[in-house]
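Let's take a walk through this model, one spot at a time. Keep the structure open beside you as you read.

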Amino acid sequence: AYAQIPRAQRASRHLAAADWLEAKAGERVEDLAEVLAYHTGEALTLAEATGDTTLQATVTPRAARYALLAGERALGLDTDKALGLLDSARALTPDTDPSFPLVLLRWADADMQAGRQQRDAAAALAQAVGLFQAQGDLLHAGETLSLLSTVHWYLGESDSLALVEQAVALLEPSPGPGLVAAIAQVANNRMVSGAPREAVAAAERALTLSDQLGLSVPGRALGIRGLNRCTLGDLDGLTDTEQALRLLVADGKGRDAAVLMHNLAITRGYLEGPAAAVAAFEEACLFAQARGLTEMAQVASAISVGALVQAGRFDEALTQTDLLLPMLHASSNRLAEAELLVYHAVVLVERGQDASEPAEQALQIARDTGEPIHLANAVWGRVPALLATGDTAAARTLLDEVANAPTHDDPEFYARALTALARAAHTLDDPDLLARLAADVPDTLPVQQHALATVHAIQTEQAGDHAQAAVLHADAASRWEQFTAVLERAHALLAQGRCLTRTGDPAADQPLRRARDLFEQMGARPRLQECDTLISQASKLSS
């Protein structure tokens with residue numbers, strides 16, 4: 001029946017349907033924004049097809065308005081739908097229209113969440129900030145600066161924190177939900193830069209302000225406070241995160257909920273080990289994918305590769321890396337790309353392959369960010385690659401730089417890299433460097449405790465007390481086994497066997513064979529050769 005109606009009449013009937021819906025909806029017209037966007041959009045398409053320029057001029061502003069409203073409502077729930085609507089709103093709204101900066105803001109938000117080119121989103125947001133400020137709309141200018149800070153962080157720009165602090169300064173004269181959200185973004189930036197105490201303080205400020213203003217509890221601030229309480233050793237912070245996740249999901253804040261799930265997976269990793277982290281990352285990915293949050297699905301998948309590496313699942317890690325690297329590079333998500341490059345380098349070194357290129361690329365991105373917290377993570381991949389090529393001078397310089405950086409209390413990046421850095425310092429036979437790398441590392445969280453146990457064993461071995469070092473390496477191996485960190489367990493068993501061999505103890509054969517089995521599962525050929533050499537020596541001790 002619809003197909004039998006001439007196109008010109010179809011256009012008028014779509015408009016009639018829109019008029020009727022508007023009249024019935026009254027002040028609740030936003031609730032019908034998606035239906036109204038459909039009818040006005042169809043009317044516009046049909047007017048263009050029939051060449052009715054008068055109708056086009058009449059319907060275009062309405063189609064643009066409802067595409068914007070519907071796109072806003074779809075954000076966080078269905079990103080693909082939101083982006084399609086906001087693409088239409090942007091195409092239909094002249095840049096002279098007062099609503100144009102709002103269109104740019106919402107479009108950039110959807111574009112970022114969809115995992116498209118982050119630089120396009122950054123350019124749109126920068127334009128929107130200027131337009132909002134010219135209009136005197138400081139509320140939306142502050143919101144735009146906060147989002148721009150997130151995009152710049154993905155791009156690896158060094159001004160991410162400065163942008164959100166600028167947003168707070170704009171909004172402070174008129175306290176409201178916008179200021180609460182901006183302060184929560186400050187807390188987030190403090191968290192990702194490895195400053196948990198400052199993150200907790202900023203989150204507390206957001207929560208206190210929200211309470212003073214009579215607003216509902218801001219789920220994002222509550223979640224950030226909980227995560228950083230855990231980082232500082234207060235595991236009651238998990239209660240905060242659970243409540244925050246319920247609030248965010250109930251409020252339809254899909255991206256914020258996905259980000260919290262992603263960060264909670266990281267927290268599970270340093271509390272419970274890589275196996276728990278992989279499972280939590282998978283859950284976060286599924287949540288994001290169900291809502292079209294491609295950006296967060298990609299980020300969660302990328303960071304989960306580190307857990308796969310620690311769990312000794314090298315083949316899965318490489319497969320996921322090959323899939324994700326082109327996507328992250330295309331979207332200019334440089335920080336997530338750097339993470340993958342580090343993991344790629346770690347696996348290549350363990351397998352005896354050249355890791356120079358991915359390791360150097362990751363290090364360059366880390367330097368570009370200007371954030372010390374990213375340096376240790378990048379050096380985790382770069383130093384073993386340098387040692388593999390015999391460049392001990394460059395390796396020593398990088399390790400010295402990390403030892404002097406103020407990042408030793410971060411459980412996400414530093415604690416998991418510490419053991420590899422310690423082994424590198426041991427290879428360089430530099431006890432002072434090894435001590436400085438481990439200095440000021442707290443023993444608050446399981447990953448820190450286990451890493452420090454490994455460092456203590458390496459220091460004892462370096463001091464020449466091989467019998468005691470064997471005992472300490474055995475303890476470290478047991479810790480890593482319970483923590484499901486297969487790669488670290490294998491290294492600890494190898495070190496235990498090495499120390500026992502040097503003491504002339506034929507029992508060295510047992511840990512060496514267990515280490516060999518683990519390295520063989522991972523395809524770590526250089527370690528297999530080392531194990532075989534030591535096993536041969538151990539067999540002579542028992543003969």
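Start at Asp111, which sits in helix 5 (residues 100-113); helices here are DSSP runs of H or I with at least four residues, numbered from the N terminus. Before going further, a word on the ground rules: this is a predicted model, where local features need pLDDT of at least 70, side-chain atom pairs count only at pLDDT 80 or more, and totals for chains, interfaces and linings use all residues. Residues are numbered from 1 along each chain as its sequence is written, and side-chain values use heavy atoms, with hydrogens and water left out.

Is Asp111 buried or exposed? Asp111 counts as buried because its relative accessibility is 2%; buried means under 20% relative accessible area, exposed over 50%, and partly exposed in between, using a 1.4 Å probe and protein chains only. What does its side chain pair up with? The side chain of Asp111 makes a polar contact with that of Arg116, at 2.5 Å. A polar contact is a pair of N or O atoms within 3.5 Å; within protein, one must be able to donate a hydrogen and the other to accept it, and residues adjacent in sequence count only if both atoms are side-chain atoms. Leaving out residues up to four places away in sequence, Asp111 also touches Leu83, Gln117, Asp120 and Ala121, where contact means heavy atoms within 4.5 Å.

Now for the greasy part. The largest nonpolar core has 167 residues, and Val309, Val379, Leu399, Leu437 and Phe519 have the most contacts inside it. Such a core is a set of buried Ala, Val, Leu, Ile, Met, Phe, Trp, Tyr and Cys residues joined through side-chain atoms within 4.5 Å. There is also a second, separate core of 11 residues, including Leu21, Val29, Ala70 and Leu85.

Beyond its neighbours within four places in sequence, Leu437 contacts several residues, among them Leu399, Val402, Ala403 and Tyr414. Leu437 of helix 22 also takes part in the contact with helix 20, along with Leu433 and Arg436, while helix 20 supplies Arg396, Leu399, Asp400, Val402 and Ala403.

Finally, look at two loops. Asp429 is in the loop between helix 21 (414-427) and helix 22, and Asp440 lies in the loop between helix 22 and helix 23 (446-462). Neither is a glycine, yet phi is positive in Asp429, near 55°, and in Asp440, about 70°. Asp429 counts as exposed because its relative accessibility is 55%, and Asp440 is exposed too, with a relative accessible area of 70%.
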